[in-house]
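My notes are below the picture.

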Amino acid sequence: MVKQFFASLCSMFILTGYVHAQTPDEQVKTLIHTEDYLSLMECLPDYKDSITPLVYHIGQAITLHYTMQYELSNQAIDSVLNNQTVDFDTRFVMSMLKAENYKGMKCRSEAIQTYNTLLKDLSYREHREEINEINRYKMAEMYSPDYPAIAVEWQPNKNRIPIQYIEKSIFVPVKGRKKEIAALFDTGATMNAISLRMAKQMKMKILNDSVQLSGTVNNAGWAPVALAQELTIGDISVKNIPFLIIDPIEHPENDQTDPIEMVIGFPVISALKHLRICRDEQTIEVLNPSKEKRPCNMLSVNGCPYIRLYSEKRPLTFVLDCGSSATWLTEKYYWENEAYIITHANPVQRELAGLGGSQYYTVFDLTHFCIDIDNQPTEIGPIDVFTQIIPGFQQMPNDGLVGSDFFYRFKYITLDFNQMNISFDN
């Protein structure tokens, strides 16, 4: 939803001369147009004194939204809306982003009030299509089932979740209503998922609602929703968890392995706030909020976390997806580097699985990719390069996906969703 409105905002920015981005204002607007939000987040502090306050606050509102700092994002949006020179299209986009921030904070009444204010502004103009669209979002907020915020409870001496690697993917024990299963731990899943059989065995409430299914391989179809009042993940109690009800997912590399009947996705993982994945101990530790200020180097876009990798110092944007067994690059990278790729690697076939099913794709294996750890480049290749589009990755121009093979390279990986920081330790 937010992406649609940013498209409107970006169209205002692509005016004559902006393509080459000569001024700081134009450079920031170009980053917004290309949806390179990680670069926008990195450069915005340096541009603060050289760009106009309006452009700065727009960039700030966007990056704060994608780093899940919703309250601060709304403060930046208010700075934009209080500017009397702002045109209607910008006000429209910023107001919709404000409603999205309220929804991220589980403040439904404030989101509806924002829609009402925007509808009042629209009523004085000939914007019938926008009015109908806002009304749809408003009605969805008013009449859809009330999803309370996910709540996490744990004790200082009981803060661990044991993990096991099954076919290269991370699984965690989940218990509910005297039933315990191994669930896929998947940072790349925008929603939690469960089979109908398991939802019934765990006595989950089946809601009168459905959500469009979106996965790595397929993004078609709709799925009903179940609500778990409480589940125990290792030592951690988690309440009010919504799940999409889907068919069990076959393992992509072993069809003899039991199907996956539960996926713990980003909604729960981000609610844990601060966690450390310990490879050798095979545990996940849930940590107290860090008192040490860490740089923000991770974004949440379309319900997934994104990080930065480098190829010969060129920055690349990757989805952080430990539910995938492999790290890979999308078709976008292939077509930008086709001549180099076909002379340095041979094509092979890979099977890719996700919430929508599985499918075979042609890939090339490439090396010379790295990630910065304490300003030291660490090699992480080889990486598969796909030669055709992956349907679930058309939401933004990301370059690839970081899978569980990447997670296994490091002794510790710490994810801090309070500060949106990822760090590594060997």
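These entries go from the ground rules to the sheet, the rings and then a few single residues.

**Ground rules.** I'm working with a predicted model, where local features need pLDDT of at least 70, side-chain atom pairs count only at pLDDT 80 or more, and totals for chains, interfaces and linings use all residues. Residues are numbered from 1 along each chain as its sequence is written, and side-chain values use heavy atoms, with hydrogens and water left out.

**The sheet.** I looked up the strand order first. Helices (H or I, at least four residues) and strands (E, at least two) are DSSP runs, numbered from the N terminus; two strands pair if DSSP finds at least two bridges between them. I found an open sheet of 5 strands, ordered β2-β12-β11-β23-β24, with antiparallel pairing. At the edges sit β2 (160–162) and β24 (421–425), each pairing on one side only. Neighbouring strands here are turned by 15° against each other on average, direction ignored. For that angle, axes are lines fitted to C-alpha atoms (for helices, over the stretch in contact), and angles run from 0 to 180 degrees between N-to-C directions.

**Strand β11.** Is β11 enclosed or open? It is largely enclosed by the rest of the structure, because 4 of its 5 residues are buried (buried is under 20% relative accessible area, exposed over 50%, partly exposed in between, with a 1.4 Å probe and protein chains only). β11 (residues 274–278) pairs with β12 (residues 283–286) in the antiparallel sense over 4 bridges. I noted two bridge partners there: Arg-276 has Glu-285, and Cys-278 has Thr-283. With β23, β11 makes 5 bridges, again antiparallel, and Leu-275 stands opposite Leu-415 of β23.

**Positive phi.** Most residues other than glycine have a negative phi, and most peptide bonds are trans. The hairpin of β11 and β12 has 4 residues between the strands, and Gln-282 takes a positive phi near 50° in it. Lys-273 has phi near 75°; this residue lies in the loop between α10 and β11 and is partly exposed at 38% relative accessibility. Lys-106 has phi near 60°, sits in the loop between α6 (88–104) and α7 (108–122), and is also partly exposed, at 49%.

**Rings.** A pair of aromatic rings is described by the distance of the centres and the angle of the planes. The rule I used: rings of Phe, Tyr and Trp (its six-membered ring) pair if their centres lie within 6.5 Å, with planes under 30 degrees apart stacked, over 60 edge-to-face and the rest tilted. How many aromatic pairs does that give? The count is 13. One of them is Phe-266 with Phe-417, edge-to-face at 5.4 Å centre to centre and 80° between the planes. Phe-266 is in helix α10 (residues 266–271) and Phe-417 in the loop between β23 (412–416) and β24, so the pair ties together parts 151 residues apart in sequence. Phe-406 is buried at 1%, and Phe-407 at 2%. Ring pairs also link Phe-406, Phe-407, Phe-410 and Phe-424 into a cluster.

**Charges over rings.** Here the cut-off is NZ of Lys or CZ of Arg within 6 Å of the ring centre and within 35 degrees of the ring normal. The charged end of Arg-276 sits over the ring of Tyr-412, 5.6 Å from its centre. For Arg-279 over Tyr-408, I get 5.8 Å.

**Cysteines.** I checked for disulfides (a pair of cysteine sulfur atoms within 2.5 Å) and the count came to 0. I also looked at two cysteines by burial: Cys-43 is buried at 13%, and Cys-370 at 15%.

Ser-73, in helix α5 (residues 70–81), is buried at 0%. A polar atom of the Ser-73 side chain lies 2.7 Å from the backbone oxygen of Ala-61. Gln-155 is in the loop between β1 (151–153) and β2 and is partly exposed at 48%.

Key. Polar contact = N/O pair within 3.5 Å; in protein donor to acceptor, adjacent residues only side chain to side chain.
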